[in-house]
Amino acid sequence: VMKMIGQNAQAVVAPDASDKRFKDEAWEKHFLFDYIKQSYLIAARHLHEVVGSVEGLDEQTTKKVNFFTRQFIDALSPSNFMLTNPEVLRETVESGGQNLVKGLKNLLEDLERGEHKQLCIKMTDLEAFRLGENVATTKGKIIYQNDLLQLIQYQPFTAEVYQRPLLIIPPWINKFYILDLREENSFIKWAVDRGHTVFVISWVNPDEKLAHKNFEDYLLEGVLAALDAIEKVTDEKVVNAIGYCLGGTLLAAALGYMTAKKDQRIASATFFATLIDFSDPGELGVFVDEQRVDALEKRMEERGYLQGSEMATTFNMLRSNDLIWSFVVNNYLLGKDPFPFDLLYWNSDATHMPAKMHSFYLRNMYIKNLLKQPGGLTLAG
C-alpha cells in the first residue's frame with residue numbers, strides 16, 4: 001500500500017540473490033509486481049513450513065513430499081505466466097504480440113522434436129555446435145569397437161610421453177565429450193598436452209536390440225575389453241583409470257571384480273562425481289524406490305530401453321527453475337531462442353539405457369546399496 005501511494009517501504013520478504021526469476025527491475029520498482037512477487041514468496045514459505053511440519057511420515061516419504069511440494073511451488077511462480085511477468089508483458093506490448101507467436105512456434109518445434117511427441121525443451125542453439133568442429137575438437141581415432149562401445153585414442157602432444165596410458169570411463173547416460181567440450185575447458189586436451197596417451201570409451205546409444213545387455217556386460221565388453229584393446233595398441237598392460245559419474249560406479253565395480261580375479265591392470269583409479277556408497281544419493285533418491293522402479297521396469301519392457309529424454313527430465317527437475325522454467329519463459333513467453341552453450345548442448349544429447357542393465361543398477365546400487373558391501377555384488381560369476 002505504501003508503494004502504491006508513492007512512499008518507500010521495506011520489503012516483507014525478498015528473493016534470494018541467486019534467484020534469477022525476479023531479476024527484471026519492475027519486480028522491485030512497480031508496486032503491483034512487487035506485491036505479486038512478495039505475496040508469492042510469503043505463500044511459498046508458508047506452504048513449505050506447513051508441509052515440512054507434517055508428523056508421522058518416514059524419512060523417504062518426507063523427502064518426496066518436500067521435493068514435489070517444491071516442484072509445485074516453482075511451477076506456480078508468477079514469473080511463469082504472461083499476465084504476472086512484467087518482462088513478458090512489456091515484450092508483448094512492444095512487439096505487438098509477436099513474442100507469443102514466435103513462442104508458440106518454438107513450442108510446436110519442441111513437441112515435434114521430442115520422442116513420442118513428448119515436450120523436449122530446447123536449452124541451447126542446437127545448430128551452433130558441430131562435433132569435431134567446435135565441441136569434441138581434440139583429435140583422436142577409433143582403435144576398437146564392439147556392440148557397446150567405441151574406444152578412442154588421443155595421442156599426446158609432447159616430445160616425451162608417460163609410459164602408462166590413461167583410460168577414461170564416462171557415463172552412458174550422456175555422450176563422452178563432457179570432458180572435451182572446447183580447448184579451454186577440455187580435460188582430454190589438458191591430459192594430452194601433458195604427455196598422457198588418453199583412451200576414452202564412447203558408449204553406444206542402445207536400442208531394443210541391446211535390451212538384454214546387463215551391468216556385467218558393461219564390465220566385460222566395456223572396461224575389460226578396453227583394457228585388452230589398449231594393450232594390443234600400446235603393448236602396455238597397466239593403465240591409470242578415471243571414472244566419471246556412472247562410469248566411476250562401473251570402475252569401482254570393475255576394481256572389485258579384478259581384485260577377485262587377481263587382475264592388476266589398473267594401477268590407479270580417480271573418480272569424478274561418482275557414487276559408490278548410495279546411502280545418501282541426494283534428491284535423486286526421490287525417484288528410486290520399489291514402487292517407482294517397478295513402474296519404470298514396466299515402461300522399459302515395452303521398448304527394451306529407458307529413453308534418454310526421461311532420464312534428462314529427472315535430472316532437470318533437480319534444478320527446475322534453471323533447467324525448465326527459465327527456458328519456458330525465454331522460449332515460449334518471450335519468444336526468444338536460447339543462447340549457444342556447449343554444456344547445455346551436451347546435456348541435451350542424452351542417450352538410452354538398456355532395460356536389463358538399468359534395472360540391475362537401480363535395484364542393486366540405489367535400493368540395496370550393495371556396491372559398498374564386501375562380496376555384496378556378483379558379476380560374471
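Colleague: Why is Leu 32 called partly exposed?

Modeller: Leu 32 has a relative accessible area of 40%, and since buried means under 20% and exposed over 50%, with a 1.4 Å probe and protein chains only, partly exposed is what lies in between; therefore Leu 32, which is found in helix H2 (residues 31-52), is called partly exposed. This is a predicted model, in which local features need pLDDT of at least 70 and side-chain atom pairs count only at pLDDT 80 or more, whereas totals for chains, interfaces and linings use all residues. Residues are numbered from 1 along each chain as its sequence is written, and side-chain values use heavy atoms, leaving out hydrogens and water.

Colleague: What makes the contact of Asp 228 with Arg 265 a salt bridge?

Modeller: The closest N and O atoms of Asp 228 and Arg 265 are 2.7 Å apart, and a salt bridge requires a side-chain nitrogen of Lys or Arg within 4 Å of a carboxyl oxygen of Asp or Glu, so the pair qualifies. The pair links distant parts of the chain, with Asp 228 in helix H7 (residues 215-234) and Arg 265 in the loop between helix H8 (246-260) and strand S6 (266-272), 37 residues apart.

Key
Helices (H or I, at least four residues) and strands (E, at least two) are DSSP runs, numbered from the N terminus.
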